[in-house]
Amino acid sequence: MAHYLVTGGAGFIGSNFVRSVVDDTDHTVTVLDKLTYAGNTASLDGLPENRVDLVVGDICDTELLDGLVRGADVVVHFAAESHNDNSLNDPSPFVDTNLVGTFALLEAVRRHGARYHHISTDEVYGDLELDDPERFHETTPYNPSSPYSATKAGSDLLVRAWVRSFGVEATLSNCSNNYGPRQHVEKFIPRQITNLIDGVHPKLYGAGQNVRDWIHVDDHNSAVLRIIEAGRIGETYLIGADGEMNNKAVVEMILRLMGHPADAYEHVTDRPGHDLRYAIDSTKLRTELGWTPRYTHFEDGLAATIDWYRANEAWWRPMKQATEAKYAKTGQ
């Protein structure tokens with residue numbers, strides 16, 4: 001049994017990871033979360049108090065970090081500003097959290113010798129052409145295109161430098177787009193699902209040809225646990241489930257699964273600098289560590305996600321109105 005410190009553990013992927021730790025291991029967890037708009041204490045409801053503790057605080061608070069890391073065997077760093085649109089409107093929180101916060105955490109890990117795993121994104125690699133036969137792999141050069149992806153790329157490089165320069169015992173993972181329970185309604189898939197629940201047409205950026213490589217959050221988190229257990233120190237592993245699909249096809253699938261005509265959506269203004277295509281090659285993870293996803297068909301995971309949002313309106317309803325008001329101001 002180990003004690004985990006999970007930063008950003010009240011956010012979407014982080015809270016689902018905490019649940020995976022509780023369900024699949026004997027470990028205990030301290031969650032450190034600033035509880036910005038993307039953090040939600042309701043995402044931790046029902047977890048056993050003797051195994052999960054929530055600390056509200058900032059990863060840039062070095063004194064707080066020092067005490068928490070001192071008591072941790074494993075540190076898993078999910079905390080990040082992660083919404084591209086928000087990074088275009090104001091990059092400063094992304095620099096503070098993704099770069100300065102990661103630096104502060106690495107220094108605490110270096111002082112106390114904890115095992116560290118760093119959660120990152122495939123967006124650090126930029127994007128691919130729609131007809132490019134290639135996919136991202138661990139040696140793909142970084143080419144970030146937004147303040148969000150640039151700061152995540154910088155945080156990855158900090159981790160690699162701390163491994164080489166200071167011997168920090170760290171692994172990294174870069175994952176494709178997650179979907180599933182407890183994702184903020186500003187994000188693409190839950191926004192469309194909750195719009196339909198409210199009787200509103202889904203919104204599609206531009207022509208909807210942008211391709212994402214979708215992975216269910218539970219599959220992402222099972223891969224992270226596997227990397228922590230068996231991954232080689234200093235190595236990066238790409239996490240993907242072969243879920244490439246363009247946004248138009250995703251919206252049409254959501255409509256069909258929810259009993260609506262496939263063309264019952266509205267086009268809205270495209271995002272500035274909208275990346276064309278992400279695609280993950282997870283061969284290294286699968287062959288070296290023996291990981292496989294549970295949701296091998298995107299439609300199955302999407303149907304389960306729709307069921308969750310239908311059954312958990314109390315979780316997402318409080319944030320819905322403000323989110324749609326923000327999008328209305330930008331014509332989206």
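Visitor: Which helix does Asn195 lie in, and is Asn195 buried or exposed?
Guide: This is a predicted model, and in it Asn195 sits in helix α6. To call a residue buried, its relative accessible area has to be under 20%. Asn195 comes in at 3%, so the residue counts as buried. That gives helix α6 and buried.

Visitor: How far apart are the end C-alpha atoms of helix α10?
Guide: Helix α10 covers residues 298-311, which makes 14 residues. At 1.5 Å a residue it should span 20 Å, and the model agrees with that. The end C-alpha atoms are 20 Å apart.

Visitor: How wide is the arc that the buried residues of α10 cover around the axis?
Guide: Those buried residues are Phe298, Gly301, Leu302, Thr305, Ile306, Trp308 and Tyr309. They are on the same side of α10, because the arc they cover around the axis is only 160°.

Visitor: And which helices are included in what covers the buried residues of α10?
Guide: Strands take part here, among them β7, β10 and β12. As for helices, the cover includes α6 (188-197), α8 (247-257) and α11 (313-329).

Visitor: Where is Gln209, and is it buried, partly exposed or exposed?
Guide: Gln209 is in the loop between β8 (203-205) and β9 (211-213). Its side chain reaches the backbone oxygen of Ala207 at 3.5 Å. Not counting residues up to four places away in sequence, Gln209 also touches Leu130, Asn246, Lys248 and Leu276. Its relative accessible area is 37%, so Gln209 is partly exposed.

Visitor: Which element gives the most to the largest nonpolar core?
Guide: That core has 30 residues, and Tyr4, Phe17, Val18, Val29, Val76, Ile239 and Leu285 touch the most other members. Elements giving two or more residues include β1, α1 and β2. The top giver, with five residues, is α7.

Visitor: How many residues are in the other core that lies apart from it?
Guide: Its members include Leu196, Met245, Val251 and Tyr309. Tyr309 is also one of the buried residues of α10. The other core has 25 residues.

Visitor: How many disulfides are there?
Guide: A disulfide needs two cysteine sulfur atoms within 2.5 Å. By that rule, the count is zero.

Notes:
Residues numbered from 1 in each chain as written. Predicted model: local features only at pLDDT ≥ 70, side-chain atom pairs only at ≥ 80, totals over all residues. Heavy atoms only, no water. Helix = DSSP H or I, 4+ residues; strand = E, 2+ residues; numbered from the N terminus. Expected span 1.5 Å × (residues − 1). Buried < 20%, exposed > 50% of the residue type's maximum accessible area, 1.4 Å probe, protein only. Arc of directions from axis to C-beta. Contact = heavy atoms within 4.5 Å. Polar contact = N/O pair within 3.5 Å; in protein donor to acceptor, adjacent residues only side chain to side chain. Core = buried A, V, L, I, M, F, W, Y, C linked by side-chain atoms within 4.5 Å.
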